[in-house]
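Welcome! Here is a short briefing on one protein chain, arranged by topic. Please have a look at the sequence and the model first.

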Amino acid sequence: MTDDEAISYQAAIRGTPVLSSSGTEIGTLEHVLEVPAVDVFDGIVIATKEGLRFIDADSVQQITRSGIQTSLDDTQASRLEPPDGAPVYRVDALADTGQSLHDILGRLFRRPRWIREHD
């Protein structure tokens, strides 16, 4: 498999470049939105200099290992809206894994850290 072959949205990796129709990088993949109960791809959220932005599934043309191609031109890409759903959380599995006193006490007295993805 080459980096330019199409892959499933389920195999998309965070940090993959997202491109406009002109080939300009408009951001990087933050996460994929799906409805798992019916196996439907709903769109992607990308990280840009302006913050997180939502791209509807209808505007995503192809997902490959090397990039995600959209049908948005550069003007449309600059006007993308932030996502409007519930906040996304991810576990920081490496939090408090060191040998410092702070890390040791963190493991003893706290729950695993949850980090909120910012808009």
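By class, the lining of the second largest pocket has five nonpolar, three polar and four charged residues. Here Ala, Val, Leu, Ile, Met, Phe, Trp, Tyr, Cys and Pro count as nonpolar, Asp, Glu, Lys and Arg as charged, and the others, Gly among them, as polar. This is a predicted model, where local features need pLDDT of at least 70 and side-chain atom pairs count only at pLDDT 80 or more, while totals for chains, interfaces and linings use all residues. Residues are numbered from 1 along each chain as its sequence is written, and side-chain values use heavy atoms, with hydrogens and water left out.

**Overall layout**
- The chain has two helices and eight strands (DSSP runs numbered from the N terminus: H or I of at least four residues for helices, E of at least two for strands).
- From the N terminus on, the order of elements is β-β-β-β-β-β-α-β-α-β.
- Of the 119 residues in the chain, 30% are buried (buried means under 20% relative accessible area, exposed over 50%, partly exposed in between, with a 1.4 Å probe and protein chains only).

**Second largest pocket**
- The second largest pocket has a volume of about 220 Å³ (a pocket is an open set of points on a 1 Å grid where a 1.4 Å probe fits, with protein on both sides within 12 Å along at least five of seven lines; lining residues have an atom within 4 Å of a point).
- β2 (25-35), β3 (40-48) and α1 (74-78) each supply at least two residues of its lining.
- Among the lining residues are Glu25, Ile26, Lys49, Arg53 and Leu80.
- Lys49 sits in the loop between β3 and β4 (51-56) and is exposed, at 83% relative accessibility.
- Between Lys49 and Ile26 there are 9.0 Å in space, C-alpha to C-alpha, and the two are 23 residues apart in sequence.

**Salt bridge**
- A search of the whole structure finds one salt bridge (a side-chain nitrogen of Lys or Arg within 4 Å of a carboxyl oxygen of Asp or Glu).
- Glu30 pairs with Arg14, and their closest N and O atoms are 2.9 Å apart.
- This pair links distant parts of the chain, 16 residues apart: Glu30 is in strand β2, and Arg14 is in the segment before β1 (17-19).
- Glu30 is buried at 11% relative accessible area, whereas Arg14 is partly exposed at 47%.

Definitions and conventions: Grid points are joined across faces, edges and corners, and a volume is the space filled by probe spheres set on the points.
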